[in-house]
Amino acid sequence: MTALNIALLTLDELTVQRGETPLCEGLALNLSEGSICHLIGANGTGKTTLLMQLAGLLPVLTGEVYYQGVVSLPMQPLYVSHQLGIHPNLTVAQNLTFLLNLYGITPSTADIDDALAWVGLQGFETISSSHLSAGQTRRITLARLYLLTPEVTPLWLLDEPFTALDVDMVARMEDRLRDFANEGGAILMTSHQAVEVANQVLDLSDYMV
Ligand SMILES: Nc1ncnc2c1ncn2[C@@H]1O[C@H](COP(=O)(O)OP(=O)(O)OP(=O)(O)O)[C@@H](O)[C@H]1O
């Protein structure tokens with residue numbers, strides 16, 4: 001077996017559930033190192049709910065989640081919510097530093113500069129985050145992807161990461177996702193637009209109650 005065949009995340013008979021209401025049942029998924037899985041389904045099917053369950057923000061009441069072969073919840077994946085979690089009173093650099101601190105990383109000034117340059121926010125370091133556009137704000141949350149490696153966060157759960165991004169930034173993001181997967185990471189992501197780099201699809205419509 002090559003390193004690229006190790007199952008990083010396995011879902012077995014999982015129920016996607018918010019509160020008392022099951023949304024999808026019998027969910028099965030294997031994500032190996034190198035997987036980029038596009039999570040699809042109509043509005044309200046339960047995509048965000050599933051990601052929140054895997055991130056430990058909502059409970060898994062039925063079914064199993066295996067992380068690297070071991071029953072494991074909560075895991076500590078990288079979870080990029082579509083609710084941005086950016087503090088308006090902090091500067092751009094302070095927000096990015098905070099988001100990286102959550103994963104045990106203390107970035108240097110050069111790291112912050114490089115990550116912000118990657119998302120086109122060079123020169124914005126000391127600007128208040130409340131002064132940014134929707135797309136610029138989203139770029140702060142995505143800048144951390146530049147500095148996170150599979151050694152730190154092997155699994156990325158990304159909820160609509162391309163929302164509010166222009167075409168150039170989507171292309172840059174797709175390059176980064178491909179590089180992360182090639183380095184041995186795995187990604188489960190939602191997007192209402194096509195994901196060129198995906199090599200797997202999970203359609204929640206197939207499991208709706
Ligand atoms: N905060 C909430 N409290 C209670 N129920 C919620 C909440 N947010 C969503 N729901 C319900 O959970 C169901 C699944 O919502 P979820 O956000 O997971 O769907 P989704 O597939 O991500 O949708 P979309 O494509 O619109 O983002 C919806 O039918 C919705 O009514």
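## Cover over helix α4

The buried residues of α4 are covered by elements that include β6 (78–80), α2, α3 and α5 (167–182). Contact here means C-beta atoms, placed from the backbone, within 7 Å. Helix α4 spans residues 134–143, and its buried residues are Arg 138, Arg 139, Ile 140, Thr 141, Leu 142 and Ala 143. A residue is buried if 20 or more other C-beta atoms lie within 10 Å of its own, exposed if 12 or fewer, and partly exposed in between. Helices (H or I, at least four residues) and strands (E, at least two) are DSSP runs, numbered from the N terminus.

This is a predicted model: local features need pLDDT of at least 70, side-chain atom pairs count only at pLDDT 80 or more, and totals for chains, interfaces and linings use all residues. Residue numbers start from 1 along each chain as its sequence is written.

## Helices α2 and α3

The axes of α2 (residues 92–101) and α3 (residues 109–118) come within 11 Å and cross at roughly 105°. Axes are lines fitted to C-alpha atoms, for helices over the stretch in contact, and angles run from 0 to 180 degrees between N-to-C directions. The two helices are therefore roughly perpendicular, a class that covers 65 to 115 degrees.

On the α2 side, the contact uses Val 92, Ala 93, Leu 96 and Thr 97; α3 supplies Ile 112, Ala 115 and Leu 116. Six of these residues are nonpolar, one is polar and none is charged. Ala, Val, Leu, Ile, Met, Phe, Trp, Tyr, Cys and Pro count as nonpolar, Asp, Glu, Lys and Arg as charged, and the others, Gly among them, as polar.

## The sheet

Four strands form an open sheet in the order β2-β1-β4-β5, with antiparallel pairing. Pairing requires at least two DSSP bridges between strands. The edges are β2 (21–32) and β5 (70–71). Eight bridges link β1 (residues 7–18) to β2, and four join β1 to β4. Thr 10 has Tyr 66 of β4 as its bridge partner.

## Ligand shell

Arg 18, Leu 23, Gly 41, Asn 43, Gly 44, Thr 45, Gly 46, Lys 47, Thr 48 and Thr 49 surround the ligand. The shell divides into one nonpolar, seven polar and two charged residues. Helix α1 (residues 47–54) gives the largest share, three residues.

Terms used. Angles under 35 degrees count as roughly parallel, over 145 as roughly antiparallel, 65 to 115 as roughly perpendicular and the rest as oblique. Two residues are in contact if their C-beta atoms, placed from the backbone, lie within 7 Å. A residue is near a molecule or strand if its C-beta atom, placed from the backbone, lies within 6 Å of it.
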